Amino acid sequence: MLLSLIIFLPIFYGLIIWLLPEKATRVTAMTLSGFHFVFSLLILIKFDSATPALQLVEQVPWVPTFGISYFVGVDGISLWLVLLTTFLTPVTILGSWTAIENKVKGFHVAMFALEATMIGTFLAMDAVLFYVFFEASLIPMYFMIGIWGGPRKIYATVKFFIYTMFGSLFMLMALIALMFMTRDMLGGQMSASLLDFYKLDIPFVGGDFLNTQTLLFFAFALAFAIKVPMVPFHTWLPDAHVEAPTPGSVILAGVMLKMGTYGFMRFAMPLFPEAVQYWSWLFMFLAVFGIIYGALVAMVQPDIKKLVAYSSVSHMGYVILGLFAMNSYGMSGGLYQMLNHGISTGALFLMVGMVYEKTHSREISKYGGLAVVAPWYAILFLIVTMSSIAVPMTNGFIGEFLILLGGFQASYAFGVFAVSGVVLGAAYMLWMVKRVFFGAEGELVTKYKSHGLDLGLREMCVMAPLILLIFWMGIFPNHFLKFTEASVQHLLNNKNNYELTIKQDVPEKTFFAKAKSDRSVATEEN
């Protein structure tokens with residue numbers, strides 16, 4: 001029951017937090033979330049990277065009449081996304097130590113509920129179960145923005161909820177249609193298992209937009225494109241980021257956006273292979289357009305947090321480009337870039353929140369000369385910036401390099417335009433660093449420098465694991481890529497007849513059982 005414990009223990013943690021006195025909330029939440037991350041590493045220890053099969057599977061009938069079951073499992077596509085979620089949760093809780101001042105208990109309950117639903121989304125292998133987790137994750141984030149957000153929090157959280165809920169309705173209709181198709185395939189018994197969905201032969205006619213496979217593909221694609229978000233479905237994201245509290249922005253950028261790109265890999269590509277190949281040019285075009293558009297809009301933002309929000313739109317465009325390049329370079333890079341974006345953009349939002357708590361402003365023009373009074377803050381911010389703009393030896397370089405290789409292999413034209421996004425990304429990030437950290441001392445720096453603008457011990461502890469991962473993933477990428485390679489290659493090599501099997505785990509003998517077996521053999525020989 002390892003995967004079930006990893007999914008549902010955060011709910012139990014939330015109940016503990018709710019019952020404890022207010023003053024013990026932060027320490028208890030940090031302790032429990034840290035323990036949960038360490039506990040989740042058991043998946044990595046038990047994971048067999050040599051096989052693309054589904055591992056650590058748990059399956060129990062839920063609604064047998066409709067073939068719906070509690071079915072969870074992990075493979076190379078979902079492994080690192082689960083660990084990214086459990087890693088960012090304690091980092092975010094420690095980073096929000098002073099950011100959340102009211103309703104502290106409710107905030108941490110929402111954090112743990114959000115963690116549970118996101119992990120469930122990545123591990124669910126039943127389509128209905130996936131949809132339940134996918135939609136349930138909206139509820140805690142809705143309250144996080146709506147209760148602990150900024151001045152326009154109600155507008156931002158309602159817009160976020162309506163946008164994502166709207167797209168998900170089309171996915172729900174497509175799921176129901178697929179369940180009826182399995183009834184015909186299985187002789188009258190419906191199924192919501194993805195393993196049965198993968199066996200369906202869904203009709204496709206190239207050039208005919210109204211054929212079954214294309215309609216179902218776009219129903220899923222709309223839901224996932226809004227979640228990513230892809231241009232032109234991105235307008236909810238900057239508002240949500242700007243109004244969300246710092247921890248909300250970190251989790252939203254670090255994990256929730258990946259639910260969309262994960263959905264493309266888990267559902268759209270294996271279920272609708274002909275439609276994906278036929279329409280891949282459209283998604284590569286939208287990806288490249290989003291890369292350039294997001295970078296240009298970020299360049300003119302007066303607010304640091306809004307600049308980072310639009311940079312997120314640009315960076316997620318690279319992920320979509322890599323996935324729809326439909327080759328090993330692009331898809332491996334896209335999956336790797338999901339992790340990179342969670343680390344680097346999450347770190348940027350944390351650092352913006354740290355300085356905002358002290359100056360109560362994010363307006364770039366009011367800063368200047370911050371590096372003189374906050375040298376450690378400036379050094380770490382610059383390292384994270386280098387990661388964001390894909391400087392070699394940082395994690396961002398590996399992901400973008402692989403994606404660009406895949407992009408050029410799929411389409412030379414799209415590859416050329418994607419490279420321009422790298423240049424623009426460096427331009428807006430470095431220009432922002434110049435205005436905030438160097439030059440004449442700004443009014444905010446003059447006003448608050450006596451209060452201590454540099455990082456404290458707690459803030460250094462928040463940033464330390466993120467900085468470590470930036471360099472670890474940039475220098476030793478194979479430590480991470482080797483766990484995803486088998487699943488990516490299996491998806492690409494079998495894209496027209498994709499099937500996912502379940503790895504049969506053979507229990508290892510314990511020390512005592514082995515000793516008893518050895519004694520039996522010796523007795524027989526005697």
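Student: Which residues does Glu-499 touch, not counting residues up to four places away in sequence?

Tutor: The model considered here is predicted. In it, Glu-499 is placed in the loop between α23 (485–493) and α24 (511–525). Setting aside residues up to four places away in sequence, the residues that Glu-499 touches are Tyr-198, Lys-199 and His-490.

Student: Does Glu-499 count as buried, partly exposed or exposed, and what is the reason?

Tutor: Buried means under 20% relative accessible area and exposed means over 50%, with partly exposed in between. The relative accessibility of Glu-499 is 44%, so this residue counts as partly exposed.

Student: How far apart in space are Glu-499 and Ile-383?

Tutor: In sequence, Glu-499 and Ile-383 are 116 residues apart. From C-alpha to C-alpha, their separation in space is 42 Å.

Student: Where does Gln-55 lie, and does it count as buried or exposed?

Tutor: Gln-55 belongs to strand β1 (residues 55–63). The cut-off for buried is under 20% relative accessible area. Because the relative accessibility of Gln-55 is 2%, Gln-55 counts as buried.

Student: Which backbone atom does the side chain of Gln-55 reach, and at what distance?

Tutor: Beyond four places in sequence, Gln-55 has contacts that include Leu-3, Lys-46, Asp-48 and Lys-503. With Asp-48, the side chain of Gln-55 reaches the backbone nitrogen, at 2.8 Å.

Student: Into which domains is the chain divided, and how far apart are their C-alpha centres?

Tutor: The division gives domain 1 (1–271) and domain 2 (291–475). Across the two, 36 residues of domain 1 are in contact with 33 residues of domain 2. The C-alpha centres of domain 1 and domain 2 are separated by 25 Å.

Student: What is the volume of the largest pocket, and which residues are the closest to its centre?

Tutor: The volume of the largest pocket is about 540 Å³. Its lining comprises 23 residues, and the closest to the centre are Ala-99, Trp-148, Gly-149, Pro-245 and Tyr-356.

Student: Which element gives the most to the lining of the largest pocket?

Tutor: Two or more lining residues come from each of α6 (138–148), α10 (236–243) and α15 (328–359). By class, the lining has 11 nonpolar, 7 polar and 5 charged residues. With 5 residues, the element that gives the most is α15.

Student: Why does the largest pocket lie between domain 1 and domain 2?

Tutor: The answer rests on where the lining residues come from. The largest pocket lies between the domains because its lining has residues from both domain 1 (1–271) and domain 2 (291–475).

Student: Which residues of α6 are buried?

Tutor: The cover over the buried residues of α6 includes α4 (104–123), α5 (127–136), α7 (153–185), α9 (212–227), α10 and α11 (246–256). The buried residues themselves are Leu-138, Pro-140, Met-141, Met-144, Ile-145, Gly-146 and Trp-148.

Student: How many nonpolar, polar and charged residues does the lining of the second largest pocket have?

Tutor: The second largest pocket holds about 380 Å³ of space. Of its 17 lining residues, those nearest its centre are Phe-37, Trp-80, Leu-469, Trp-472 and Phe-480. By class, the lining has 16 nonpolar residues, 1 polar residue and no charged residues.

Student: Which element gives the most to the lining of the second largest pocket?

Tutor: Domain 1 (1–271) and domain 2 (291–475) both contribute to this lining, so the second largest pocket lies between them. Elements that supply at least two lining residues include α2 (25–46), α3 (79–95) and α22 (478–481). With 5 residues, the element that gives the most is α21.

Methods: Residues numbered from 1 in each chain as written. Predicted model: local features only at pLDDT ≥ 70, side-chain atom pairs only at ≥ 80, totals over all residues. Heavy atoms only, no water. Helix = DSSP H or I, 4+ residues; strand = E, 2+ residues; numbered from the N terminus. Buried < 20%, exposed > 50% of the residue type's maximum accessible area, 1.4 Å probe, protein only. Polar contact = N/O pair within 3.5 Å; in protein donor to acceptor, adjacent residues only side chain to side chain. Contact = heavy atoms within 4.5 Å. 1 Å grid on protein atoms, 1.4 Å probe; cavity = no way out; pocket = protein on both sides within 12 Å on 5 of 7 lines; lining within 4 Å. Points joined across faces, edges and corners; volume = space filled by probe spheres on them. Nonpolar A, V, L, I, M, F, W, Y, C, P; charged D, E, K, R; others polar. Domains from an automatic or database assignment.
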